[in-house]
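Please read the following report with the model open beside the text, so that each residue can be looked up as it is mentioned.

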Amino acid sequence: MRRSIDDYPFDPADLPPSDDDEFSPVSWAVAIADDYEDATPRVVLTIEEVGQAGYGLVAHLPPPLARRLRAAIGDALKEIGEAETS
């Protein structure tokens, strides 16, 4: 089984202001899959530079690592003063 959960195409407004090409325009996608030899479901995170489809990085995260990433993003949002939403 593979199922897309969410994806985000790049928007130029996402990049911080800069005078040079320091920041890469990227798109991301989150999916779930269980078509591995051990049949364990995983969260699949794909990050690709715009114009480089098929050459991105794909992380196959078991549930504990996906939770750790979720917590790290939540902690980073708190650090910059963003309120938690459900």
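The report below goes through the model's confidence, its sheet and helix, and then some single residues.

**Basis and confidence**

This is a predicted model, in which local features need pLDDT of at least 70 and side-chain atom pairs count only at pLDDT 80 or more, while totals for chains, interfaces and linings use all residues. Residues are numbered from 1 along each chain as its sequence is written, and side-chain values use heavy atoms, with hydrogens and water left out.

The term pLDDT stands for the predictor's confidence in each residue, on a scale from 0 to 100. The protein chain has an average pLDDT of 91, and 99% of its residues score at least 70. Among the elements of the chain, the lowest mean pLDDT, 94, belongs to β1, and the highest, 97, to β4.

**The sheet and the helix**

The names of the elements follow DSSP runs, numbered from the N terminus: helices are runs of H or I with at least four residues, and strands are runs of E with at least two. Two strands are said to pair if DSSP finds at least two bridges between them.

In this model, 4 strands form an open sheet in the order β1-β2-β3-β4, and their pairing is antiparallel. The strands at the edges are β1 (2–8) and β4 (57–61), each of which pairs on one side only. From one strand to the next, the twist averages 20°.

| Strand pair | Bridges | Direction |
|---|---|---|
| β1 and β2 (residues 26–33) | 6 bridges | antiparallel |
| β2 and β3 | 8 bridges | antiparallel |
| β3 (residues 42–49) and β4 | 5 bridges | antiparallel |

Some residue partners can be followed across the sheet. Serine 4 has alanine 31 in β2 as its bridge partner, and tryptophan 28 stands opposite isoleucine 47 in β3. Towards β4, the bridge partner of leucine 45 is alanine 59, and threonine 46 stands opposite valine 58.

Helix α1, made of residues 63–79, lies across β3 and β4 and runs at about 115° to β4. Such an angle is taken between N-to-C directions and runs from 0 to 180 degrees, the axes being lines fitted to C-alpha atoms, for helices over the stretch in contact. Contact here means heavy atoms within 4.5 Å.

**An aromatic pair**

How many aromatic pairs does a search of the whole structure find? The search finds 1 aromatic pair. The rings of tyrosine 8 and tryptophan 28 have centres 6.0 Å apart and planes at 15°, so this pair is stacked. Rings of Phe, Tyr and Trp (for Trp, the six-membered ring) pair if their centres lie within 6.5 Å, and planes under 30 degrees apart count as stacked, over 60 as edge-to-face and the rest as tilted. The pair links distant parts of the chain, with tyrosine 8 in strand β1 and tryptophan 28 in strand β2, 20 residues apart.

Accessibility can be considered next. A residue is buried under 20% relative accessible area, exposed over 50% and partly exposed in between, using a 1.4 Å probe and protein chains only. Tyrosine 8, with a relative accessible area of 31%, is partly exposed, and tryptophan 28 also counts as partly exposed, at 33%.

**Single residues**

A polar atom of its side chain lies 3.1 Å from the backbone oxygen of threonine 40. Leaving aside neighbours within four places in sequence, arginine 42 is in contact with Ala31, Ile32, Ala33, Tyr36, His60, Leu61 and Pro62.

Alanine 39 lies in the loop between β2 and β3. Although alanine 39 is not a glycine, its phi is positive, at about 60°, and with a relative accessible area of 48% the residue is partly exposed.

Isoleucine 5, in strand β1, is partly exposed, with a relative accessible area of 45%. When residues up to four places away in sequence are not counted, isoleucine 5 touches Val30, Ala31 and Ile32. Isoleucine 5 and aspartate 20 are 15 residues apart in sequence, and their C-alpha atoms are 34 Å apart in space.

Alanine 76 lies in helix α1 and is partly exposed, with a relative accessible area of 42%. From alanine 76 to alanine 53 the separation is 23 residues in sequence and 28 Å in space, C-alpha to C-alpha.

How values were computed:
A polar contact is a pair of N or O atoms within 3.5 Å; within protein, one must be able to donate a hydrogen and the other to accept it, and residues adjacent in sequence count only if both atoms are side-chain atoms.
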